[in-house]
Amino acid sequence: DVKALAAQKSIVLPSGLGKDQGKQAGELTALTGAAFDARYLEQVEKLHEQSLNECDDMSEDAYDGDIRALAARRLPLLKQHLEAAEQVQDQLPQ
């Protein structure tokens with residue numbers, strides 16, 4: 001949906017990882033086992049929280065009605081993913 005809307009609106013999407021995303025991926029590749037699991041879930045939760053906040057903002061404040069609608073449609077899925085990540089993180093050994 002995002003790619004289709006971006007193409008329709010002539011918006012260029014990134015084709016690769018940004019600087020911060022590359023750094024996070026690099027950190028993960030250095031870890032294994034429980035340390036990897038804990039750090040991965042921490043990043044997943046943080047990214048979903050950030051995406052949820054940004055999507056919520058866009059659903060109300062985006063300059064374009066189609067973008068607002070897409071963001072509003074994505075909110076429930078992002079909430080589900082965040083809740084799932086939190087549940088898995090709660091199951092990890094402390």
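Reader: Is Asp-66 buried or partly exposed?
Author: Asp-66 counts as partly exposed, because its relative accessibility is 37%. Keep in mind that this is a predicted model.

Reader: OK, and which side chain does Asp-66 meet in a salt bridge?
Author: That's Lys-9, with an N to O distance of 2.7 Å. The pair links distant parts of the chain: Lys-9 sits in the loop between helix 1 and helix 2, while Asp-66 is in helix 4, 57 residues apart.

Reader: What other residue is linked with Lys-9 and Asp-66 in a network?
Author: Asp-64 is the other one, and salt bridges link it with Lys-9 and Asp-66. The side chains of Asp-64 and Lys-9 meet at 3.0 Å, N to O. This pair links distant parts of the chain too, with Asp-64 in the loop between helix 3 and helix 4 and Lys-9 in the loop between helix 1 and helix 2, 55 residues apart.

Reader: So where do Asp-64 and Lys-9 fall, buried or partly exposed?
Author: Asp-64 is buried, because its relative accessible area is 15% and the cut-off for buried is under 20%. Lys-9 comes out at 27%, so it counts as partly exposed.

Reader: How many salt bridges does the count come to?
Author: The count comes to 5 salt bridges. One of them joins the side chains of Glu-42 and Arg-39, at 2.4 Å from N to O.

Reader: Where do Glu-42 and Arg-39 lie?
Author: Both lie in helix 3, 3 residues apart, and that's about one turn of the helix. Glu-42 is partly exposed, with a relative accessible area of 43%. Arg-39 counts as partly exposed as well, at 25% relative accessibility.

Reader: New topic: what about pockets? How much space lies in the largest pocket?
Author: About 710 Å³ of space lies in the largest pocket. Helix 1, helix 3 (33-61) and helix 4 (65-91) are the elements that give two or more residues to its lining.

Reader: Which residues lie nearest the centre of the largest pocket?
Author: Those are Val-2, Leu-13, Glu-54, Met-58 and Leu-70, out of 22 residues that line the largest pocket.

Reader: And how do the residues of that lining divide?
Author: The lining of the largest pocket has 15 nonpolar, 4 polar and 3 charged residues.

Reader: You named Leu-13. Where is the place of Leu-13?
Author: Leu-13 is in the loop between helix 1 (2-8) and helix 2 (19-29). Its relative accessibility is 38%, so Leu-13 counts as partly exposed.

Reader: Which nonpolar surface patch has Leu-13 in it?
Author: Leu-13 makes a patch of about 400 Å² together with Val-2, Ile-11 and Tyr-63. Val-2 and Leu-13 also turn up among the residues nearest the centre of the largest pocket.

Reader: Last one, about Ser-10. What is phi of Ser-10 near?
Author: Phi of Ser-10 is near 60 degrees, a positive value in a residue other than glycine. Ser-10 is found in the loop between helix 1 and helix 2.

Reader: And why does Ser-10 count as exposed?
Author: Ser-10 counts as exposed because its relative accessibility is 67%, and the cut-off for exposed is over 50%.

Definitions and conventions: Residues are numbered from 1 along each chain as its sequence is written. This is a predicted model: local features need pLDDT of at least 70, side-chain atom pairs count only at pLDDT 80 or more; totals for chains, interfaces and linings use all residues. Side-chain values use heavy atoms; hydrogens and water are left out. Patches are made of residues with over 30% relative accessible area and no salt bridge: like charges are joined within 9 Å, nonpolar side chains (Val, Leu, Ile, Met, Phe, Trp, Tyr) within 5 Å. Accessible areas come from the Shrake-Rupley method with a 1.4 Å probe; for residues, only the protein chains shown count as cover. A salt bridge is a side-chain nitrogen of Lys or Arg within 4 Å of a carboxyl oxygen of Asp or Glu. Helices (H or I, at least four residues) and strands (E, at least two) are DSSP runs, numbered from the N terminus. Buried means under 20% relative accessible area, exposed over 50%, partly exposed in between (1.4 Å probe, protein chains only). On a 1 Å grid over the protein atoms alone, a cavity is a set of points where a 1.4 Å probe fits but cannot get out, and a pocket is an open set with protein on both sides within 12 Å along at least five of seven lines; lining residues have an atom within 4 Å of a point. Grid points are joined across faces, edges and corners, and a volume is the space filled by probe spheres set on the points. Ala, Val, Leu, Ile, Met, Phe, Trp, Tyr, Cys and Pro count as nonpolar, Asp, Glu, Lys and Arg as charged, and the others, Gly among them, as polar.
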